[in-house]
Amino acid sequence: MKPLFESEAFVRIAAPVAVGIVLFAIWEIGFRLASVPVYLFPKPTDIFASLLHNGPSLLRALLVTLRVTLQAFVAAVVLGTLIAFMFVQSRAIEVSLFPYAVLLQVTPVVAIAPLIIILVKNTQLSLTICATLVALFPIISNTTLGLRSVDPGLANFFRMNRASRFKTLVKLRIPGALPYFFGGLRISSGLALIGAVVAEFVAGTGGRSSGLAYEILDAGFTLDIPRMFAALFLITLTGVLLFAAMVALSQWVLSDWHDSETRAET
Amino acid sequence: MRVLLPAEPLDETAKQVTMVCDGPPAVEVLSAEKVFTNGARGLAPIDLSIADGEFLTLIGPSGCGKSTLLKLIANLIEPSDGRLLWWRGDFAQVGQEGRRLAFVFQEPTLMPWARVEANVRLPLEFGNMPRATADPKVADAIARVGLSRFNRHFPRQLSGGMKMRVSIARALVTNPNLLLMDEPFGALDEFTRNKLDDDLVNLSWERKLTTVFVTHSIYEAVFLSTRIIVMAANPGRIFRIMTIDQPQPRDQGFRDSPKFAAYCRELSTWLAEASLQSAGGGGS
């Protein structure tokens, strides 16, 4: 058994955590010494206290945001993959439609969110649509790239053996596209969350179905800065967890064979 | 880059290339030529008959069209003029029982996401063979190349030589009659290459395979072949043909014999001449 600090896994977790603790300590102590008022910039302990105090309402808001995020993420994955499959079917389809996918990507969601919110009556649905639009592009571009990046030697082998189009897709193109697809998932999961929060800001919905963005807006109105930070903290935490989940998923699927997920054997 | 040449007379040796062998030939190349779309003349009209059960090696300086000829035989490319026959018929009937063809590439071209057994099973899956029928064949092919212990491994866990063995097992699993190999051991060290050559000689003998093999190695060519086609470039053509008169299957004893050395010496001289002849045209 190796000493703990020599183990790769331990260091990978412990080092960033240690940095975090040091930063929080400096923040806490520095702000205490300078006695910065809580309504200007709260200390970590203030934020933590607010997190506990506003727990139920923040948690409800988190669930709302999370729901929009996950719905949008799933929609983006399904739609993006379908579009990518369509693109690789023929060059003509890709050439004629790809510019519009780019158009969708470069248009800021804040700019089109009001329109979508006006057009779509159901707020949940309009938020999901906004977030989907943001999360869609990485899935399309990465999956298309992956489906196209077929090993030429293997493609030759499939052709020589007169493999059907379907067999080539299932046995060659899809497995080969997986590493690219998972790369897209990582980016897209974060974008879905960003899209959801941005759309919530624009919609500004109050009441029972309000998300974390509304909590931040509301905290701003009432100058409850620690609650603002607490909501921000939850958004960040969600983003990190989503990303970690995608990393774990891609590791689980690819660890056996792909270079990006395999460790050098010693 | 050289553009289309006027037809030039082939030299004397090239005219006598058609060899008459016993039994029906596996492949006949009938005045097949290849002019690439950029105008480069890859292959001058070639006549060649490959006998059933023969181990034929194509060797020559780079640009001599040996890979092109092999691809023509594999029907991976079409001749610009002339034609080819497989078992006295066209390519449509290749793939039937007794008329199967398998190709081993220069690279192992394995699916990195699939275990050894899944890689070897692939050609059978193209034919929708049920797992129960396929599995014994797969196990047998893997055993043939001596990798039974590694059938659950992924390609990245194997050495270069082992990957090449998997690639050969994948070719053997369909029980082919004609095996085409394009410099399969070119990237391997000499020791591994000799080992694989030993196995290949036994395999092709046991299975009565007709093999067409492309290589750069003189020793490999002499050790494996019943007949060696020496090719020259500009345009790609058959320069000379050497018959290796040594019973199959062969072993290390043949490599150590004076006869082997003599064949190698002669082949080496021929290759030097072929290179000289190839340089005349200007090259690529």
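Read along the sequence, chain A runs α-α-α-α-α-α-α-α-α-α, with 10 helices and 0 strands, where helices (H or I, at least four residues) and strands (E, at least two) are DSSP runs numbered from the N terminus. This is a predicted model, in which local features need pLDDT of at least 70 and side-chain atom pairs count only at pLDDT 80 or more, while totals for chains, interfaces and linings use all residues. Residues are numbered from 1 along each chain as its sequence is written, and chains are lettered from A and ligands numbered from 1 in the order in which they are written.

The C-alpha trace of chain A spans about 75 × 60 × 25 Å along its principal axes. Of its 266 residues, 34% count as buried, a residue being buried if 20 or more other C-beta atoms, placed from the backbone, lie within 10 Å of its own, exposed if 12 or fewer, and partly exposed in between. Two residues are in contact if their C-beta atoms, placed from the backbone, lie within 7 Å, and in chain A residues 24 or more positions apart account for 75% of the contacts with a separation of 6 or more.

A:Phe73 lies in helix α3 (residues 55-89) of chain A and counts as buried because it has 26 C-beta neighbours inside 10 Å. Leaving aside neighbours within four places in sequence, A:Phe73 is in contact with A:Ala135, A:Ser188, A:Ser189 and A:Ala192; A:Leu191, 118 residues away in sequence, is 8.5 Å from A:Phe73, C-alpha to C-alpha.

A nonpolar core is a set of buried Ala, Val, Leu, Ile, Met, Phe, Trp, Tyr and Cys residues joined through C-beta atoms within 7 Å. In the largest one, of 82 residues, B:Ile73, B:Ala169, B:Leu180, B:Val230 and B:Met231 touch the most other members. Helix α5 (residues 160-172) of chain B gives the most to this core, with 6 residues. Apart from it lies another core of 52 residues, including A:Val68 and A:Ile216.

The table sorts two contact regions by class, with Ala, Val, Leu, Ile, Met, Phe, Trp, Tyr, Cys and Pro counted as nonpolar, Asp, Glu, Lys and Arg as charged, and the others, Gly among them, as polar.

| Contact of α3(B) with α5(B) | 6 residues | 1 residue | 1 residue |

Between the chains, 13 residues of chain B are in contact with 13 residues of chain A.
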